[in-house]
Amino acid sequence: MNLTSQERVNRMFARAEQDRVPRGDTFWGETIERWQKEGLKGDAETVLSMLGSDFRGLQWLWPTPFPGRHEVVAETDETRDIRDGHGKLVRYWKGKSGTPEHLGFECDTREKWERVFKPSLLSTGLQQDPAAVARNYRDARQKQKWCHLTGVESFEQTRALMGDEITMIAMAEDPDWIVDVSRTHTDVMLQNFDAIMATGIQPDGLWIYGDMAYKNGTMCSPQMYRELIWPDHKRLADWAHAHRMKFIYHTDGDVNGVMDLYVAAGFDCFQPIESKANMDIRRLCPKYGRQLAMFGNIDVMIMGSNDRDRIEAEIKSKFAAGMATKGYAYHSDHSVPPTVSWATYQFIMECVNKYGNY
């Protein structure tokens with residue numbers, strides 16, 4: 001078979017015959033800069049073309065109460081403090097990537113949420129340009145890519161508005177506040193997606209991002225997740241299915257304890273499956289592989305060792321586990337870090353070609 005990207009990924013979701021494993025990946029900005037110094041002629045899109053990536057995002061949606069806000073509050077030679085569209089104060093490095101330092105959150109009480117942040121979020125109108133999304137869709141269709149809408153779910157939004165500490169305390173002491181934030185955010189997301197769909201396009205999927213776990217477990221109990229956040233995750237999956245789309249969910253961290261809830265919510269695919277957080281498709285695929293497609297799980301820590309024997313063994317064994325279900329797509333288990341040399345990543349692509357054919 002010689003399939004298009006759209007056909008290939010759709011067959012993966014259907015667990016039907018495929019020519020090869022679908023592919024996608026992401027990279028730190030510093031990684032591309034290193035590779036350019038080591039001989040890469042191009043950028044991240046060049047690498048994805050060389051990889052044979054099958055996926056094409058049409059837009060990025062993360063609604064904020066104050067769209068466009070990016071106020072520089074203070075800066076040094078190394079850092080810059082920003083008040084952003086969520087109202088939080090964060091410190092970024094200058095000239096390099098990394099998780100920003102959270103310095104403070106304006107939405108620190110339920111009263112402020114109800115008086116300021118919720119009304120502002122609801123009054124912002126569309127935070128997408130449906131016509132631009134439709135143009136991207138037409139381009140993706142010409143290239144026969146599997147194209148998807150993309151956005152951020154409500155748990156990530158809650159933490160962005162309130163911070164981890166306030167969010168976790170509120171989940172225990174004021175759960176109705178968390179439910180209101182989650183429901184309001186999801187309402188705004190779906191309003192934007194409805195406007196996009198009104199242009200007449202038909203994407204293949206909805207890919208939703210939101211980290212709900214750390215290395216050793218989820219940030220809240222499975223019961224709290226089920227009661228407070230899961231209903232809105234299910235709403236997103238139901239919306240996707242009602243519009244003839246597959247639903248991909250991204251989260252980092254150890255989510256072994258909520259995998260059954262992902263299945264119950266109707267998720268179609270799980271990504272990126274972080275190895276260093278005790279996530280392993282060699283264990284997950286036999287249990288969940290017929291219900292959840294697996295997308296990723298190739299350990300970036302092993303990639304970063306630049307040890308070709310270890311890298312080949314990682315790809316070979318995990319491809320075998322994923323391909324046994326016919327519901328697997330290649331991706332690193334996070335973004336590829338700058339510890340990975342360009343020569344190593346070219347070797348990774350060779351292994352993907354070697355072990356990824358059906």
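What percentage of the 358 residues of the chain count as buried? The share is 54%, where buried means under 20% relative accessible area, exposed over 50% and partly exposed in between, with a 1.4 Å probe and protein chains only.

The model is predicted, so local features need pLDDT of at least 70 and side-chain atom pairs count only at pLDDT 80 or more, while totals for chains, interfaces and linings use all residues. Residues are numbered from 1 along each chain as its sequence is written, and side-chain values use heavy atoms, with hydrogens and water left out.

**View 1. The chain and its secondary structure.** The chain holds 13 helices and 13 strands; these are DSSP runs numbered from the N terminus, helices (H or I) of at least four residues and strands (E) of at least two. Its C-alpha atoms fill a box of roughly 55 × 50 × 40 Å along the principal axes.

**View 2. Contacts in the chain.** Among contacts with a separation of 6 or more, 70% join residues 24 or more positions apart; contact means heavy atoms within 4.5 Å.

**View 3. The surroundings of Thr186.** Thr186 lies in helix H7, which spans residues 175-197. Thr186 has a relative accessible area of 2% and is therefore buried. Leaving aside residues up to four places away in sequence, Thr186 touches Ser154, Asp232, Arg235 and Leu236.

**View 4. The surface of the chain.** The accessible surface comes to about 15,300 Å², and 49% of this surface belongs to carbon and sulfur atoms. Accessible areas come from the Shrake-Rupley method with a 1.4 Å probe; for residues, only the protein chains shown count as cover.
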